[in-house]
Amino acid sequence: MTPLFLSVSLIVAGAVEPLHARLVSAGPPLPSSLIVGRAVCAGTTWLLTDRPVLIAVTHDRRAVTVRPVRGLQPADRPWGLACLTDGTLWTLATSRALVRLAPEAIARERIELRWPRLVLFGWLDRVLFAQLPLPIARPILASSPPRDTGEPAPWPKFFGRAAEARSDLLARNLINCGIGRQRHLPCWFADDRRVTVSDGASARSISFAALYGADVDASAPIWDVAIGGGDTLWLLVTAVAPSRGHKAGGRLVKTNREGVEQSSLQLPTAARTILSATDTTCVVLTVEGTLMEVRSQ
Amino acid sequence: MTTRLTRLLRIAPIVLAATFVLGNSAPADAGCFIALAECYGRAAAETTYWRSVLASGDCELDFADCVRRALIGR
């Protein structure tokens with residue numbers, strides 16, 4: 001087996017430590033279909049695509065498993081993916097149906113929802129979601145155990161933003177969440193330059209100077225975020241120029257927990273999403289379907 | 001004449017909803033707005049008022065799906 005190696009290093013003026021990137025996947029590229037959900041738990045990152053296909057990438061060996069999802073209904077168009085502390089995987093098969101997926105990518109359980117949901121993430125043993133219709137000036141995200149259809153618990157710091165037209169209301173209130181650590185989950189409005197890290201009870205907002213550069217897509221500056229460890233955040237910055245016709249992350253920035261840049265790397269290949277992160281290492285999925293490891297040591 | 005008036009009254013709320021949703025908006029993704037307009041058109045052509053209302057509700061869910069795929073799909 002011929003390992004694929006591409007080693008790039010860049011020392012940014014003023015940065016504390018350089019970042020080095022290398023390709024680490026030796027198998028075939030991951031499917032290029034749109035990723036509609038990502039979840040991390042128990043040493044594995046799960047990706048759900050709109051084909052729909054469930055992809056598992058293990059953190060230790062970077063072993064990749066790709067399975068077509070079975071057992072969905074013909075009209076289902078899955079969105080979102082949550083992996084909870086008990087290891088269960090959940091997705092919105094439709095806006096009104098929460099479905100549990102077995103690791104073998106088979107739909108095992110279906111819960112009809114009273115109100116449609118717009119986004120879905122996982123947090124500890126609860127699913128985190130935004131429910132429609134979107135409230136203005138009230139908490140937009142809420143969490144609940146997946147099988148509990150009662151009153152969900154509001155998520156701090158995210159309040160519905162008003163818009164002139166109802167259609168803009170959706171775009172203005174779309175929220176994405178990154179890879180968390182323990183109780184802490186980073187989330188952000190899709191058009192915002194701040195990330196809010198919350199433990200479900202309290203929250204703090206983090207701003208990044210790295211998001212004000214000329215190479216940043218101002219309409220959606222934050223492409224992805226991962227908490228690496230006790231004092232590390234990895235920020236994937238949206239590139240102005242699309243890759244293969246789609247937006248993607250062009251620059252990876254390592255910051256401390258206050259958002260102060262430690263180091264930065266212009267990725268040799270743009271990234272679709274972050275797969276895993278520690279204090280010293282961040283693994284991303286590139287637009288070519290390969291896995292790229294970025295290290296700070 | 002009565003039939004035409006009835007039909008006009010039936011689709012009026014749908015047309016107003018479409019105008020409200022589409023009017024004065026900065027498109028997040030042009031394709032989503034075109035699909036929404038077409039969907040509203042089909043909803044307005046439904047055989048009864050309540051079918052039109054329900055169909056327009058489905059249009060908005062389809063629009064939400066389209067926008068999230070365009071903006072936060074990876």
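1. Of the 297 residues of chain A, 55% count as buried, where buried means under 20% relative accessible area, exposed over 50% and partly exposed in between, with a 1.4 Å probe and protein chains only. This is a predicted model, in which local features need pLDDT of at least 70, side-chain atom pairs count only at pLDDT 80 or more, and totals for chains, interfaces and linings use all residues. Residues are numbered from 1 along each chain as its sequence is written, chains are lettered from A and ligands numbered from 1 in the order in which they are written, and side-chain values use heavy atoms, with hydrogens and water left out.

2. The secondary structure of chain A consists of 1 helix and 24 strands; helices (H or I, at least four residues) and strands (E, at least two) are DSSP runs numbered from the N terminus. Chain A is as compact as a globular protein of 297 residues, because its radius of gyration of 18 Å is close to the 19 Å of the globule rule. The radius is taken over C-alpha atoms, and the rule is 2.2 Å times the number of residues to the power 0.38. The C-alpha trace of chain A spans about 50 × 45 × 35 Å along its principal axes.

3. Contact means heavy atoms within 4.5 Å. Among contacts in chain A between residues at least 6 apart in sequence, 45% join residues at least 24 apart.

4. Leu84(A) illustrates a buried loop position. This residue is found in the loop between strand E7 (79-83) and strand E8 (89-94) of chain A, and counts as buried at 3% relative accessibility. Leaving aside residues up to four places away in sequence, Leu84(A) touches several residues, among them Cys41(A), Trp90(A), Trp123(A), Arg126(A) and Pro146(A). Leu84(A) and Val40(A) are 44 residues apart in sequence and 8.7 Å apart in space, C-alpha to C-alpha.

5. Confidence is given by pLDDT, the predictor's score for each residue from 0 to 100. Chain A averages a pLDDT of 92, and 95% of its residues score at least 70. Over residues 1-15 of chain A, however, pLDDT stays under 50.

6. Chain B averages a pLDDT of 75, with 62% of the residues scoring at least 70. Among the elements of chain B, helix H3 (residues 49-72) has the highest mean pLDDT (92) and helix H1 (residues 2-22) the lowest (51). Over residues 19-28 of chain B the pLDDT is below 50. Where pLDDT is low, the predicted coordinates should not be read in detail.

7. For the complex, the predictor gives an ipTM of 0.84 and a pTM of 0.87.
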